[in-house]
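Hello,

Here is the structure I promised to pass on to you. Please open it first, and then read my notes below with it beside you.

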2 protein chains.
Amino acid sequence: MSAVNAVNRQMTLRRYPDGVPREDDFAVIESAIPEIADGEVLCRAIYLTVDPYIRVHISPSMSIGYAPTTPLGAPIPGEAVLQVVRSRHAKIREGDYVAGFGGWQDYCALHGDALRAVDLSLAPLSAHLGSLGMPGLTAYAGMRKLADAKLGETVFVSAALGGVGAVAGQLAKLQGCRVVGVSSSAEKCRYAVDELGYDACLDRTAPDFLGQVAAACPGGIDVNFENAGGEVFWAALQNMKAYGRVIICGLVSGYNDDAPPPGPDLSPNLLRTIALGRLVVKGLMVADYWDLRPAFLQEVGGMIREGRFKTREYVVTGLENAGRAMIDMLEGRNFGKTVVRITDDAPL
Amino acid sequence: MSAVNAVNRQMTLRRYPDGVPREDDFAVIESAIPEIADGEVLCRAIYLTVDPYIRVHISPSMSIGYAPTTPLGAPIPGEAVLQVVRSRHAKIREGDYVAGFGGWQDYCALHGDALRAVDLSLAPLSAHLGSLGMPGLTAYAGMRKLADAKLGETVFVSAALGGVGAVAGQLAKLQGCRVVGVSSSAEKCRYAVDELGYDACLDRTAPDFLGQVAAACPGGIDVNFENAGGEVFWAALQNMKAYGRVIICGLVSGYNDDAPPPGPDLSPNLLRTIALGRLVVKGLMVADYWDLRPAFLQEVGGMIREGRFKTREYVVTGLENAGRAMIDMLEGRNFGKTVVRITDDAPL
């Protein structure tokens, strides 16, 4: 057990980003180590998550019911893999590895009941923020509860290597589907096919991307597991098979926009396509599916332990680089699910 | 049995409408009475239907797979209530009342197997194009197969007095839902409440329409049965309850548009609202549900016969006025489901 530092470094917002965040929108500040009350635990962060949804939480224009906008000067929110350094909770001991919504800071005080145990026998710590964490559970819920994907159907997965996409794609493959992914470089697409088992993966930056989607899905798309939005969404929509399902999980391409993009207004086209195609479009929020976690950990965790399921994190080192890590993720410069390692004296 | 006339009048397109159709976009022409082959029947039209979807069929920019654009000079397509005047089909006799896709013309030749019988004991002939016809079956399919409306839930119905809306609203009420309609005048809204049993009906032309929607749906909308699109759709979307269902049946507000409306592009907002609200948006096409017709006729037809279910047609007289009837319908000047009566020597 390492000693507790004298101060708590917190990665905060200096100002709200205007479009793509810039590094100086973020600022590290120092604060006191929090005190803990009965039932609470003090944790030090080992890994922070950097997920697309966090961009939504630092935008005043997208303030939404379940997650009010992060105040300036407060640590940026998000899940973290943590080690307990002090405990006033009956069932949690110092030294335990846990995950919880600690935010972007060295230390956090949380109620012990709000933490989940992290099982190092399943996968390294970092994977518990990705394939075995909230993104993985999101993918599992979408594929198992909403997609209704049948043997031989074509499943389309945008952000194919991301925290959600990589799990959705592999699960679809295990369900006997033909899986077509989209990523942002030829190299990532090769990885998706060679390592994750995608039947095809298309580089959305290629000039003939639209034609490639049609060619890769000759019979049409049965399930679009949407993580991107924007042009990738429209490319998939044009290729949906009748009665296809569209799972709206993430829309990262628009998360830097403070206002609706310029016209024309394509929403009538979208509604018309849904009607004519008898499509079913479903919204997915992982918070509805916490009860699936035990089954998810057993199934996906078991496959990761046995090497039958791939997980890849893009690891950035140092709390001070978390803002840069988010910018790189939003611009597609990551390769795998982005996490930030905060300390170097803990297991991987 | 009336004698067959010497010529067949057909209501055709002189040119494709640019925006809202004008009366001189339409032209009556005369052609020969068609010959019939074995299995076919010659019918005279008694009532033609004037439904929003017909506007789509006379627009080259909206040509869609299931219904290619109507050629200039050809009769405008649509269902009709017909009387058989000559039959070369074993099971159909002269004098029978039937319904089929005869289009906007005095006479049509159709294969007897493509016709459906019309049961005058259930409702007057005109109702077989409305509440007991394709619009009614559309509403029945949407409410029974897609809406998943539960007791006490709030169902929102745009175009509340239309061929589809009036049936959807009454079915929702019979299922124990709270039903809020939208129409285009205070008088129609009174009819919806007093006669059709809507719990509330809102005039979409009222200056505070948006506020009225929120006030009429204090707990939010569980099911939006969408017939209109446009501003009415967005008003409903903003008031959807979490896990609400949106049935995309019709989008009449946009049927006069040859191109997407100007920006901003609201499609990202739409997708975001679906995701955050965990909404389920489903496309509805009646052609998927012909097998429901017997149950539909028994149930809804039975209630109409017993006076427990209201049906109201807006009857325009004369084939030559069918174009005007369509214009009036698209601009909301009809009161009930629009039909055109072609002949005056048949029962109502």
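B:M326 is buried, because 30 other C-beta atoms lie within 10 Å of its own. The word "buried" is used for a residue with 20 or more other C-beta atoms within 10 Å of its own, "exposed" for 12 or fewer and "partly exposed" for anything in between, with C-beta atoms placed from the backbone. You will find B:M326 in helix α9 (residues 322-330) of chain B. Leaving aside residues up to four places away in sequence, B:M326 touches B:P21, B:V50, B:I54 and B:R55. Contact here means that the C-beta atoms of two residues, placed from the backbone, lie within 7 Å. As for B:R88, its C-alpha is 34 Å from that of B:M326, and the two are 238 residues apart in sequence.

A word on conventions before going on. This is a predicted model, in which local features need pLDDT of at least 70 and side-chain atom pairs count only at pLDDT 80 or more, while totals for chains, interfaces and linings use all residues. Residues are numbered from 1 along each chain as its sequence is written, and chains are lettered from A and ligands numbered from 1 in the order in which they are written. Helices (H or I, at least four residues) and strands (E, at least two) are DSSP runs, numbered from the N terminus. The model has an ipTM of 0.93 and a pTM of 0.94. For chain A the mean pLDDT (the predictor's confidence in each residue, from 0 to 100) is 95, and 98% of its residues reach 70 or more.

Now to how the two chains meet. In all, 31 residues of chain B are in contact with 32 residues of chain A. On the chain B side, α7 (267-277) and β13 (280-283) each supply at least two residues, and α7(B) has the largest share, with ten. Sorted by class, that side of chain B has 19 nonpolar, seven polar and five charged residues. Here Ala, Val, Leu, Ile, Met, Phe, Trp, Tyr, Cys and Pro count as nonpolar, Asp, Glu, Lys and Arg as charged, and the others, Gly among them, as polar.

Strand β13 (residues 280-283) of chain A runs antiparallel to β13(B), and three bridges join them. Within this pair, A:V280 stands opposite B:K282. Strands are said to pair if DSSP finds at least two bridges between them.

How are the two copies related? Chain B is superposed on chain A by a rotation of 180 degrees with 0.0 Å of shift along its axis (RMSD 0.0 Å), which means the relation is that of a two-fold axis. The C-alpha of B:G263 is the nearest to the axis in chain B, at 1.6 Å.

Chain A itself divides into domain 1 (8-130 + 311-341) and domain 2 (134-287), with bounds from an automatic or database domain assignment. Their contact takes 17 residues from domain 1 of chain A and 16 residues from domain 2 of chain A.

Lastly, five of the six residues of strand β1 (residues 8-13) of chain A are buried, so this strand is largely enclosed by the rest of the structure. β1(A) pairs antiparallel with strand β2 (residues 26-31) of chain A over six bridges, and there A:L13 stands opposite A:F26.

Best wishes

How values were computed: Least-squares fit on C-alpha atoms with pLDDT ≥ 70 in both.
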